[in-house]
Amino acid sequence: MTVRRPLEGLQVLDFAQFLAGPMAALRLADLGAEVTKVEPPRRGEAGRSLLMTDQRFGETSGLFQTINRNKSGVSIDLKTDEGRTRAHDLVATADVVIQNFKPGVMQRLGLGYGDLRAINPGLVYASITGYGDRGEWTALPGQDLLVQARSGLLWMSGDSVPDRPVPIGISLVDVYAGSLLTQGILAALVGRGIHGVGMQVDTSLLEAAMDLQFQEFTGYLNGSALPRRCSSGSAHSYLDAPYGVYACADGWVVLAMNPLERIGRALAIEEIAEMDPAGEREQVMTVIARRLADEPVQAVMGRLEAHGAWAARVLTWEQLLGTGVLDQLEMLQQVRSHGAGPFTTLRCPVRFDGQVLTSDRPAPRLSDGPDLEGRD
Amino acid sequence: MEPGDLLAGVKVVEFCQFLAGPLAGLRLSDLGADVIKVERPGSGDVGRQLYVSRVRVAGENVFFQTINRGKRSMALDLKDPADRESARQLVARADVVLSNFRPGVMERLGLGYDDVKASNAKVVYACLSGYGPVERWSDDPGQDLLVQARSGMTWLNGAASDGPVPFAISVVDLHAGALLVQGILAALVRAGRTGQGCLVETSLVEAAFELQMQEMTAFLNGAETPDRGSRRTAHPYLAAPYGIYPTGDGHVAVAMSPLDRLANALGLPELAVGRLASSPFDHRGEIEEAVARALRLLSTTRAMEALDRHHVWAVAVLDWEEFLTQTAALDTDLLQRIPVAGDEPFLTTRCPIRVNGDVVGRVGPAPEVGQDTEEIRRELATMPAVVQEAMK
């Protein structure tokens with residue numbers, strides 16, 4: 001038996017809203033599972049109206065389309081007995097349930113793990129919460145920026161002058177939590193194959209935020225000082241010079257870990273070879289920054305590459321598109337959208353047997369009827 | 001089944017160094033797999049010498065400990081024919097082979113996917129590279145900051161007046177490791193059902209793009225180039241008031257919130273009606289300035305009282321010290337203590353996935369180079385076929 005997509009034949013019910021949960025379901029869909037989004041009637045899940053730059057594809061937000069493509073949909077009012085019965089019927093033949101309501105909500109709806117295990121013992125029941133199910137923060141809004149702010153993550157990026165918190169400008173915690181849940185679900189499916197039973201897997205935005213910092217945080221827990229950013233050009237709180245960003249006459253370059261002696265030779269500032277990359281981090285970075293300020297990027301990169309330094313030019317998205325790299329990676333795909341032209345998005349970033357996995361199926365449509373037509 | 005036994009019996013052979021590859025091995029180990037790290041005799045994984053922190057645990061730097069805890073180590077000189085034969089025997093009995101050497105290295109050693117598949121058809125062979133099939137960068141080092149710089153990520157943080165601002169954690173390594181784990185586990189699900197092995201690949205550059213999938217998709221479909229604004233915003237594409245605001249004695253983070261709530265909380269009626277209220281995207285800078293002026297006059301405590309009372313999504317910004325106090329993290333299961341022979345136990349975070357309500361993970365330290373070589377040799381002599389035989 002040859003199955004092209006690794007999860008072909010598996011059924012997933014996506015009860016989730018907003019970002020993290022639906023992103024886990026999207027990955028499973030791209031890996032071949034049949035994902036059915038279960039939404040409340042009329043308005044659908046809250047993510048349908050979550051806008052990024054006011055962008056809409058067809059009737060819903062562009063962001064909703066981006067993370068709910070390749071799913072089918074069904075509209076169920078889970079607060080009615082009839083709705084609950086319908087949901088239970090769907091669960092009976094499902095392999096995976098994904099939900100990201102606050103702790104206790106699914107239990108009150110008769111859709112907790114205990115309820116659903118009784119219907120389907122092989123079920124993998126996967127939840128993302130904001131802060132786990134114990135402790136003082138469990139009832140607080142589980143939102144990306146708020147979790148970044150609570151987890152210490154805001155003191156890692158940016159410079160120390162002025163010394164202010166700098167957030168990461170994408171929904172990183174959501175994206176990473178969704179990825180952790182996907183890992184948990186897939187491990188549970190492997191575990192079901194080995195042990196013959198279903199199980200419950202959980203993660204939270206807070207656990208994701210701490211796992212993102214786990215190396216640096218472990219250093220701190222065992223005696224390192226709090227993270228220390230540089231006054232300019234910071235790229236990592238705990239890495240020595242020359243690790244950082246440097247302005248050239250017409251653009252920027254980054255330097256990764258490099259022996260100072262090599263950078264000194266490449267840039268004709270041999271004096272830095274005698275300096276301490278840790279104790280004199282700021283001073284070394286200042287010498288390099290002064291040296292590069294008046295020279296064009298291309299000349300700087302030429303010198304650095306000739307000496308085998310770990311360096312790269314900083315690109316914008318426009319410049320990146322001009323390199324042709326995205327085409328070579330087959331990174332982009334076209335997705336149909338209801339009531340509008342196709343839109344372009346990124347494919348699943350894992351390749352199997354050298355093949356990329358793509359799908360042009362859009363997000364399910366929202367209608368006022370009891371069922372959303374998704375299987376078109 | 002104990003929660004930590006999820007992947008019990010799954011045998012993983014790790015030919016990896018540095019960060020992203022070993023991270024994938026760590027996750028599989030915490031989920032119950034037996035991870036054997038194959039290392040060069042003597043010096044071992046290059047990561048043992050990568051000093052990101054001067055803190056040392058049992059003679060190793062703490063970062064190496066953190067990402068290699070719980071694994072076993074077998075020392076093999078892959079250039080030596082006898083040791084290479086041992087490696088071949090090992091991969092012939094593995095469920096998963098994991099490698100992040102540069103493309104071509106494993107093939108030259110006779111340990112490429114085609115070689116392994118010939119003796120082990122069900123193997124899931126996972127490769128992580130810097131740039132995948134991108135030819136123009138194929139000779140360049142696959143390193144986190146370099147990939148960030150090339151992928152456009154550095155224009156999403158900070159303010160318009162800043163230059164590029166990197167994500168100051170190894171986020172591309174972390175995400176690439178996570179993607180590889182997803183690919184491996186998906187392939188194991190299929191292998192369990194069909195007996196079909198496969199090659200799973202991802203790269204740092206694909207991980208960097210995937211991190212920006214939401215924003216890049218907006219851009220690719222007509223959104224303007226990300227505008228970080230004159231203040232430091234928290235997201236170039238989200239409407240006001242999303243961002244970080246200084247108070248009289250600290251900072252608060254304000255997430256997406258209806259402007260009328262914010263207006264009531266801070267006494268800013270101009271946010272509730274009229275021009276600003278009607279378009280939080282177009283007037284982002286103006287709205288954020290008004291909010292910033294109001295919050296600067298309050299202490300963090302007073303600001304949070306006002307914002308909470310009106311159900312605005314906001315929190316005080318914490319550092320790690322405050323985080324540890326507020327979460328009581330040292331006393332809860334957010335952290336774990338890893339015992340180390342001949343040294344104090346060290347504290348680290350645990351596997352961020354819970355199974356049946358319990359935390360999972362191994363509590364052992366990182367191995368010394370080759371500490372399990374003899375034990376693994378003995379196992380090889382008697383090791384049965386792979387665990388997939390047992391999977392239905």
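Chain A and chain B bury about 12,700 Å² between them, and 67% of that area lies on carbon and sulfur atoms. Buried area here is the accessible area, taken with a 1.4 Å probe, that two parts lose on being put together, summed over both. On the side of chain A, Gln215(A), Trp317(A) and Arg351(A) lose the most area to chain B, together 7% of what that side buries. This is a predicted model, in which local features need pLDDT of at least 70 and side-chain atom pairs count only at pLDDT 80 or more, while totals for chains, interfaces and linings use all residues. Residues are numbered from 1 along each chain as its sequence is written, chains are lettered from A and ligands numbered from 1 in the order in which they are written, and side-chain values use heavy atoms, with hydrogens and water left out.

Let us stay with the interface. Counting contact as heavy atoms within 4.5 Å, 142 residues of chain A touch 139 residues of chain B. There are 43 residue pairs in polar contact between the two chains, both residues at pLDDT 80 or more. A polar contact is a pair of N or O atoms within 3.5 Å; within protein, one must be able to donate a hydrogen and the other to accept it, and residues adjacent in sequence count only if both atoms are side-chain atoms. Helix 7 (residues 172–195) of chain A gives the largest share of the side of chain A that touches chain B, with 17 residues. Helices (H or I, at least four residues) and strands (E, at least two) are DSSP runs, numbered from the N terminus.

Next come the charged pairs. Eight salt bridges link chain A and chain B, each being a side-chain nitrogen of Lys or Arg within 4 Å of a carboxyl oxygen of Asp or Glu. One of them joins Glu207(A) to Arg354(B), at 2.7 Å from N to O. Over all chains, the count comes to 38 salt bridges. Inside chain A, Asp14(A) and Lys71(A) meet in a salt bridge at 3.0 Å, N to O. Asp14(A) sits in strand 1 (residues 11–14) and Lys71(A) in the loop between helix 2 (62–68) and strand 5 of chain A, so this pair ties together parts that are 57 residues apart in sequence.

Now follow the strands, which pair if DSSP finds at least two bridges between them. Eight strands form an open sheet with mixed pairing, in the order 5(A)-2(A)-1(A)-6(A)-7(A)-8(A)-14(B)-15(B). Strand 5 (72–75) of chain A and strand 15 (358–359) of chain B stand at the edges with a single partner strand each, so one side of each is left without a neighbour in the sheet. Within chain A, strand 6 (residues 96–99) and strand 7 (residues 124–129) pair in the parallel sense over four bridges, with Val97(A) opposite Tyr125(A). Helix 7 of chain A returns here: it lies across strand 6, strand 7 and strand 8 (199–204) of chain A, running at about 165° to strand 8. That angle lies between N-to-C directions on a scale from 0 to 180 degrees, with axes fitted to C-alpha atoms, for helices over the stretch in contact.

Another pairing crosses between the chains. Strand 14 (residues 351–352) of chain A runs antiparallel to strand 8 (residues 198–203) of chain B, joined by two bridges, and Phe352(A) has Val200(B) as its bridge partner.
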